[in-house]
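Please have a look at it first, and then I will go through some parts of it.

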Amino acid sequence: MQRSTLLCGALLAVVAGLLCLVGEALGLDTQHVALVGGALGGVVGLVQERTPAQRATGFLIGLFVAWLGFAVRALYLPDSASGRAVAAVVVVAVCVAFTAGSGNRLPLWTLLIGAAAMVAVYEESYTADSPAFLAQSPSAATGVLLAAGIGFLATSLQWPGRAPAAAQTEAPPADDEPEAPTREFATTEGERP
């Protein structure tokens, strides 16, 4: 394993543990979001596609879109499989629209990870008490944002391992391939090639 992978993994593990300990000491509800948020934020930090700002923005937008999906479910959709299906389709479609609208500068995977983070930490609470959406969802969103932000920072500080795919250049063709024969054309009058 590379040294940077070990460092990032160790830092992320420490961060998850500290989020649990500090959250409990401060009365914050970070215990159940520490691993999910920290790990998903860590993934956004580790994958070196696009700039860190673009990846973080995509994550935030995805999380917000999923939060809006819960709002739509609470206000307009039945609490049933069909309501959840409609909300899931809408959330994914809106994430795709953001990616397309940004000219693919916001990678779709970051939006989907942000949406997954929100769903992972809030779905159970929503199912147990959907009318309390306005009271409970902000604390779930801020908890996962805190954990994801710390996980993102912990893994974004890694040493550069390899150049991003866009920066890599293709290797020149091997010299052991014979060159294709070229056809020379006659330049004097009357000669045919």
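This is a predicted model: local features need pLDDT of at least 70, side-chain atom pairs count only at pLDDT 80 or more; totals for chains, interfaces and linings use all residues.

Let us begin with helix α4, which runs over residues 81-101 and reaches 30 Å from its first C-alpha to its last, close to the 30 Å expected at 1.5 Å a residue. Within α4, the residues G83, A87, V91, C95 and T99 are buried, and because they cover an arc of only 140° around the axis, they sit on the same side of the helix. On the other side of α4, by contrast, A81, V89, A100 and G101 are exposed. What covers the buried residues of α4 includes α3 and α5.

Turning to the salt bridges, the count comes to four, and I will describe some of them. R73, which counts as buried because its relative accessibility is 8%, meets E123 in a salt bridge at 2.9 Å, N to O. Since R73 lies in helix α3 and E123 in helix α5, this pair ties together parts that are 50 residues apart in sequence. The side chain of R73 also meets that of D79, at 3.9 Å, while R84 forms a salt bridge with D79 at 3.5 Å. Through shared partners, then, R73, D79, R84 and E123 are joined into one network.

Finally, on the surface, V14, L18, L21 and V22 form a nonpolar patch with about 360 Å² of accessible area together, and L18 has its place in helix α1.

Note on methods
Residues are numbered from 1 along each chain as its sequence is written. Side-chain values use heavy atoms; hydrogens and water are left out. Patches are made of residues with over 30% relative accessible area and no salt bridge: like charges are joined within 9 Å, nonpolar side chains (Val, Leu, Ile, Met, Phe, Trp, Tyr) within 5 Å. Accessible areas come from the Shrake-Rupley method with a 1.4 Å probe; for residues, only the protein chains shown count as cover. Helices (H or I, at least four residues) and strands (E, at least two) are DSSP runs, numbered from the N terminus. The expected span of a helix is 1.5 Å times one less than its number of residues. Buried means under 20% relative accessible area, exposed over 50%, partly exposed in between (1.4 Å probe, protein chains only). The arc is that of the directions from the helix axis to the C-beta atoms. Contact means heavy atoms within 4.5 Å.
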